[in-house]
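Okay, thanks for coming, everyone.

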Amino acid sequence: MNGGSTGDDGGSTEVTAEGGHGAVPTTGVETGSGQRPSRRAWPLYEVFVRGKRGLNHVHVGSLHAADDEMALHNARDVYTRRNEGVSIWVVRADRITASSPDEKDPFFAPSADKVYRHPTFYAIPEEVPHL
């Protein structure tokens, strides 16, 4: 479903509607191969949204975008269509560093010897109400 449209300067702009998600400009985007870029060639972004009543951002999904600004705009359009968000974070997936579930025991083991992090470590005086 490729087509052309006339840009503001009167010239023709090539667009494609890959995946049925609307027209995406393809002229002026360098791919290094001389071919039109595929959305799959764009980096993957993880999207986090903070709801109106929420205090923290929650992962809501992923999307492909050509750059950070496009990712932010697309995330707004896709994940906050009903005005449910007040803040959006987009993070390139290749920039995320995560611990491995296979290494959970050795990775989290140092916290086991810090008993002062647990409320049972502290004695609560009788004169302190509502704890």
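I'll start with the whole chain and then go to two residues.

First off, keep in mind that this is a predicted model. The chain has two helices and six strands, and starting from the N terminus the order is β-β-β-β-β-α-β-α. There are 131 residues, and 14% of them are buried. The accessible surface is about 10400 Å², with 53% of that coming from carbon and sulfur atoms. As for contacts with a separation of 6 or more, 33% are between residues 24 or more positions apart.

Okay, now His57. You'll find His57 in the loop between strand S4, residues 44-51, and strand S5, residues 58-64. So is His57 buried or exposed? His57 counts as buried, because its relative accessibility is 19% and the cut-off for buried is under 20%.

What does the His57 side chain make polar contacts with? One partner is the side chain of Ser87, at 2.8 Å, and another is the side chain of Trp89, at 3.4 Å. If you skip neighbours within four places in sequence, His57 is in contact with Phe48, Val49, Arg50, Ser87, Ile88 and Trp89.

On to Gly85, which sits in strand S6, residues 85-92. Gly85 is partly exposed, at 23% relative accessible area. Leaving out residues up to four places away, Gly85 touches Val49, Arg50, Gly51 and Thr80. And there are 9.8 Å between the C-alpha atoms of Gly85 and Phe48, which are 37 residues apart along the chain.

Technical notes
Residues are numbered from 1 along each chain as its sequence is written. This is a predicted model: local features need pLDDT of at least 70, side-chain atom pairs count only at pLDDT 80 or more; totals for chains, interfaces and linings use all residues. Side-chain values use heavy atoms; hydrogens and water are left out. Helices (H or I, at least four residues) and strands (E, at least two) are DSSP runs, numbered from the N terminus. Buried means under 20% relative accessible area, exposed over 50%, partly exposed in between (1.4 Å probe, protein chains only). Contact means heavy atoms within 4.5 Å. Accessible areas come from the Shrake-Rupley method with a 1.4 Å probe; for residues, only the protein chains shown count as cover. A polar contact is a pair of N or O atoms within 3.5 Å; within protein, one must be able to donate a hydrogen and the other to accept it, and residues adjacent in sequence count only if both atoms are side-chain atoms.
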